[in-house]
Structures are given as structure tokens and as C-alpha cells.
Amino acid sequence: MPGTESKKQVGVRGQDLACAGLERQGWQVLERNWPRRLGEIDIVAWEVGESGLTLVFCEVKCRSGLCIEHPLEAITFAKMRTLRQLAASWMRVHHLKASAIRLDAIGVVLVPGQGPSLTHVGAVG
Amino acid sequence: MASACAWSVALVGLEGRIVEVEADIGAGLPRTLLVGLPDSALYQARDRCKAAVSNSGQEWPISLLTINLSPATLPKAGSHYDLAIVAAILAAQGTFRADELRRTVLLGELGLDGRVRPIRGVLPATLAAQQAGFTRMIVPLRQAGEAKLVAGIDVFGIASITQLVAFLQGEPMPVVDPIEVMGDPVSRHAKRCLDLADVVGQVEAKWACEVAAAGRHHMLFHGPPGVGKTMLAERVPGLLPDLVLHDALEVSAVHSLAGFNLADELITRPPYSDPHHSASVASIVGGGQRMARPGAISCAHKGVLFLDEAPEFQPAVIDALRTPLESGVITLGRSEVHARFPARFQLILAANPCPCGQAATPGAHCRCSPTVVRRYAEKISGPVRDRIDINQAFLPLRKTYLKKATLQRSESSTAVAIRVLEARDRQRRRLAGSGWQTNGEVSGTYLRRHLPLPDGLQAVDEAVDRGRLSARGVDKVLRLAWTVADLAGRDRPGRDELAVALAMRRGEQPGTVRREVG
């Protein structure tokens, strides 16, 4: 279906933009689209801060066009719970040690004729 | 991160309580929370406000937004908080200075396009704001006239969020087409020009109406169909004097709350309410699920409540009138609040003597059995009948009389209204300082202790001894006697006035007369 295809494309574009944005801030992206039966982790990245490294799991939501609903409002409580579980299983699989872990959300709004607008909300779950 | 507050009003009955609307923009995933006991219409304000703000070219905060309506324990209902909610959010965002909202009350429902729609109860809400010391009201443009009826507070009418923002930023307001509302509540109080002279004959009944109007007495009309019971009842409000300012404000406030558009002026004529006999208890005394709304008796406050075909009403409806008839207020208990509405109305009941309508009519043939006639009369219960001052029987007109009466015009409402006004003046002077204004309202104690008793009270005593008159009935007769004396220009009622009053009170009550004697 062309509709589904374009929806997927919007999602991919949103993630690309989000990754680019994170890398511009000096983040190191470790993994993208880590699929599991429960769902998918969109981005896993190291945040290089003043106090050290933080492992951040990011959920990216992207919307194209003008609509009243902000993409971040589509992230429900259930979605955050899934993301927490996914993060735990990612840690188990990768045997990675981190002193700090955080869950973030990034909303991307694509308006035709304008640059994309990114909203990054930290520590959401 | 940021917070701001705006003010609105919650109406509990006619009493307005100031509500503080706080908006807080905090960290977290974007969500809008609305707390402070909202009902469903108010809870949906989240969605309405969001669309309205976005469509007005303003930003809706992309973070955790908490809106609190305080006092949090008071249940709040209705859509009129929309404007205050939006103002608080925009102030928290820094669209205009939060100081601008100090001492200002905002009322209005929002359309999805950002236009401000009219609401119920602007007048009582404005009164409450003014009494609470607020200096400025922002209301829907169409209702600015209604709010301006309250003195001592600045009123600004706005038509849209764009205008609100411009106004609070101190800029000139852009012009917006005023909203056209379909099915807008229209003023029901178009001047009724019903003249008493239109009613042919029924001289005695007209005089009963004059007495009732002068002293605010309750009446029961009974007689066969087509003799002019309804016509006369409709003409009673025309005999009553204009409302004084305090009453006019109260009556207008009730009507505003009931959803009638006041069309920029106070209601100064006594209202008239004539609900159909299929009416429910809630529609008559007032009702509503969580928040109560005024019913027909409150819409007839300081005016006339006419129940045509009274025996056709559900008995429970008529009996629900008992308490307000005595107290002049109705208190409706709801799950969380008690609402009080004024209901000092003048009751007029009209009834046929039996289902076919011909019983006790000379020359007519009634087809109903005595049991049926009695049952029909009993539909108006004894306690309600006891609260009626004047029982007026109507007899059909003879053909020859009808011909004669059509030729000569009888007295007009204006002439009668002048006599009523004089009688009211006399009552007001006599009752000055007592808190009452008309004979119909004076308490029995005051009547017997502070006012001189008329001569010839034996007739009343006799009626009491025979069980024809209750203790309340004695007071009713005394009140009527005073009104008759006031209309005649006498200083105090005498033997004649008392006899007239007794006859008016007893009247002819088909179906119950026989039992009273026995």
C-alpha cells in the first residue's frame, strides 16, 4: 500500500533527523531500530555530558503536516512501559555497563516548505 | 517551569463563587491535565481550548500542562471556564504579562476556531465578581450588554482569542465577525399587550384578579371549558406593578441562568410562566444532575406561575409546590452541593370541575359519575388547596349577556393596574420595616400581633369551629381582608371586608364542598 509506505518513510526520515540532531550535540549513536517481539528501540546512544557518559534510549515520533496533536502526545504510558522493558533486555543482550541510564523522547514535526522542528524531552520514563 | 492564574466564576444556584484557574507548564511528555472536579462539559475544555488556541495562531505548550481549578473541592460544571483557562495558559507562556489578569474575571465558551461563544448566567456571575472586589470583566461580545447591567465593574466584550490577546497586550483589537449562533435563546419577554377589556363578562372573576394582583394572593379558577379562565390568568401579570431594581436584578439573574438572553436590559415586568401539564417535577421546581438549573417556579419569581388544567398535572408536580409556596425559595440538594433559587411566585391554578367539564354548571349536562368528579377534584391535594387564597368559580355567559357585553367595553388593564399600584403603596407604607411588601407575604404572627384585627371575627371563628377553615385559612382570610380594604382605600378591614374575604377564600369547590360540610 502506498499509504503505509509513505508513513514508514516519514518515520525513517524522522529518525534520520533525530540521529543527526543528537550527533550534532556530540552524542554517540550505538544502535538504531533494535527490533524485538515487544517492539523496537528507535535509538540507543551515549550522551557525553560534563558528569560523564549516560546511556540514553530514545523513542522518536514523527508527524508530517500541520496537525493540532504534537507527535510527543502519541507516546502513552503503555509505550513508555514497553520502552523500559526493551531497554532492560538491550542491556542484558549487550552486557554493557553504564553508570547512568535514561529514557528520552524526541518529537519531529515535518512541515512542507519549512525546516523540520525537533523537540527533545529528557527523562520521560 | 512557568505558571500563571486567571479568574472565573462558578455558579451554585444564583450564588457565584470565585474560581482561580491555575496553569502550570512543567517538564515531561506533552500532556494536558485538568484537575479540580470538572464535569464532562468542562473536562472537554482541554480539547476545545487546544484547538481554539492553535487555530488562533498561538502556541499550545509542548510539555506537561496542568490546569487546576481552585477551590478544588467545589464541583464545577459548564463550558464558561474556557476563556479563563486559555488566558492562564497564554500568560504562563508569556504571551502577555500575568499582571494583566489580576482583578479580572473571564467568562466564555470557545469555538474550535477561536471565537468566543455566549454562555449562561453572565449576570449573576458578574454580580458575584463585583461583590468579590474584581474590577474588570471579560465576557463574550454578545453578552457585554448583559454584564454592563451591573454597576461598579468595567466590562469588555471580546469575540475571539485573537482579540483577547490583543486586548491584554494593550494593542488595538482586530475586527472579528461576531459569531452567529443558531438557536440562540431569544428573549421570551417580548411585551405582552394583553388587556383585561378583551375578556367578555366575568366581572366577579376580574375583581378576584384585581385583589390577587394587589396583595399577591394565590388563586384557583374552576369552571367549564371556554369561559375565559386562561384568558384571565394571562392578563394578571399586566395588572402587576413594575419590579423594583433589586427584584429586577434577581429576576434577570434567574432568567440569565435559565438560558434566556436578556437582550441588554433588565427584566422590569413581572415574569409569567405557564408550563404545560406534561411537565416533570424537575422542570417545574428546577433540576439537573450534578448542578441544578432553575425551573418554572423560579422563572416565575416575583411574577405569576399559571398551571392550566391543574388536575392533568402529575399529582407529585403540584405537591412539589407546597414548600416553595410557603418559603419563597427552593433548595435543591445534589450530590455535592445545595443550590438555592428564589421562587416567590404567585400561583394561579385553573381546573375544570370534572373530565367532561360540565359538572356544577347550571343548564349543562355532565356525563361523569360522582366518583369520577370527586377523583378529578382530588388530583389537586388538600394541602395545596389550603394554600390557595382565592377560589374563584367561573360560570358560562348567557347568550343575551354576551351580546350586550360585546357592545360595551369593560375596564382596561391600565385602569385596574392604577388601583393595584395604589393598594400596593398602602401596603408598603403599612409594612415598612417589616421586610414584607405585600399582604400575601406577611407572616401570620405579624398579621395577628402587629396589625389591628378587623371587627366581626366571629364569622371566622365559626368557620374554624365547623372545620371549614384551617389555622392557615384564618391567616389567608385576614390577609385577603386587608387587601380588599387596601383596594377600597380603607385604613383597616371591617366586617364587610372580612365577609368578602371569607367568601373569596371558601369559594365554590366542586367535589370538596360536600366533604367540608360533613
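1. Let's start in chain A, where strand β1 (residues 28–35) and strand β2 (residues 40–49) run antiparallel and are joined by six bridges. Two strands are called paired if DSSP finds at least two bridges between them. Helices (H or I, at least four residues) and strands (E, at least two) are DSSP runs, numbered from the N terminus. Within this pair, Arg32(A) is opposite Ile43(A) of β2(A), and four residues lie between the strands of the β1(A)–β2(A) hairpin.

2. A word on the model before going on: it is predicted, with local features needing pLDDT of at least 70 and side-chain atom pairs counting only at pLDDT 80 or more, while totals for chains, interfaces and linings use all residues. Residues are numbered from 1 along each chain as its sequence is written, and chains are lettered from A and ligands numbered from 1 in the order in which they are written.

3. Back to chain A: β2(A) also runs antiparallel to strand β3 (residues 52–64), through seven bridges. Here Val44(A) has Phe57(A) of β3(A) as its bridge partner. β2(A) and β3(A) make a hairpin too, with two residues between them.

4. How do the chains meet? Nine residues of chain A are in contact with eight residues of chain B, contact being C-beta atoms, placed from the backbone, within 7 Å. On the chain B side, helix α2 (residues 45–55) gives the most, three residues. That side has four nonpolar, two polar and two charged residues. In this classification Ala, Val, Leu, Ile, Met, Phe, Trp, Tyr, Cys and Pro are nonpolar, Asp, Glu, Lys and Arg are charged, and the others, Gly among them, are polar.

5. Chain B is assigned domain 1 (2–168) and domain 2 (196–517), with bounds from an automatic or database domain assignment. Their C-alpha centres lie 44 Å apart. Between them, 16 residues of domain 1 of chain B are in contact with 18 residues of domain 2 of chain B. On the domain 1 side, α4(B) brings the largest share, four residues; by class that side has 10 nonpolar, three polar and three charged residues.

6. Chain B also has an open, parallel sheet of five strands in the order β11-β14-β17-β10-β18. β11 (272–273) and β18 (390–393) of chain B are at the edges with a single partner strand each, so one side of each has no neighbour in the sheet. Four bridges link β18(B) to strand β10 (residues 219–222) of chain B in the parallel sense, and Leu220(B) has Asn391(B) in β18(B) as its bridge partner. Helix α7 (residues 203–215) of chain B packs on this sheet, touching β10, β17 (346–351) and β18 of chain B, and its direction makes about 165° with that of β18(B).

7. For helix packing, look at α19 (residues 458–465) and α21 (residues 495–506) of chain B: their axes are 9 Å apart and the angle is about 25°. Axes are lines fitted to C-alpha atoms, for helices over the stretch in contact, and angles run from 0 to 180 degrees between N-to-C directions. α19(B) and α21(B) are therefore roughly parallel, a label for angles under 35 degrees. Ala459(B), Val460(B) and Ala463(B) of α19(B) meet Leu498(B), Ala499(B) and Leu502(B) of α21(B); the residues of this contact are six nonpolar, no polar and no charged.

8. Finally, helix α6 (residues 161–168) of chain B has Ile161(B), Gln163(B), Leu164(B), Val165(B) and Leu168(B) buried. Buried means that 20 or more other C-beta atoms, placed from the backbone, lie within 10 Å of the residue's own. These buried residues pack against α2, α3 (82–93), β8 (136–140) and β9 (154–158) of chain B.

Technical notes: Two residues are in contact if their C-beta atoms, placed from the backbone, lie within 7 Å. Angles under 35 degrees count as roughly parallel, over 145 as roughly antiparallel, 65 to 115 as roughly perpendicular and the rest as oblique. A residue is buried if 20 or more other C-beta atoms lie within 10 Å of its own, exposed if 12 or fewer, and partly exposed in between; C-beta atoms are placed from the backbone.
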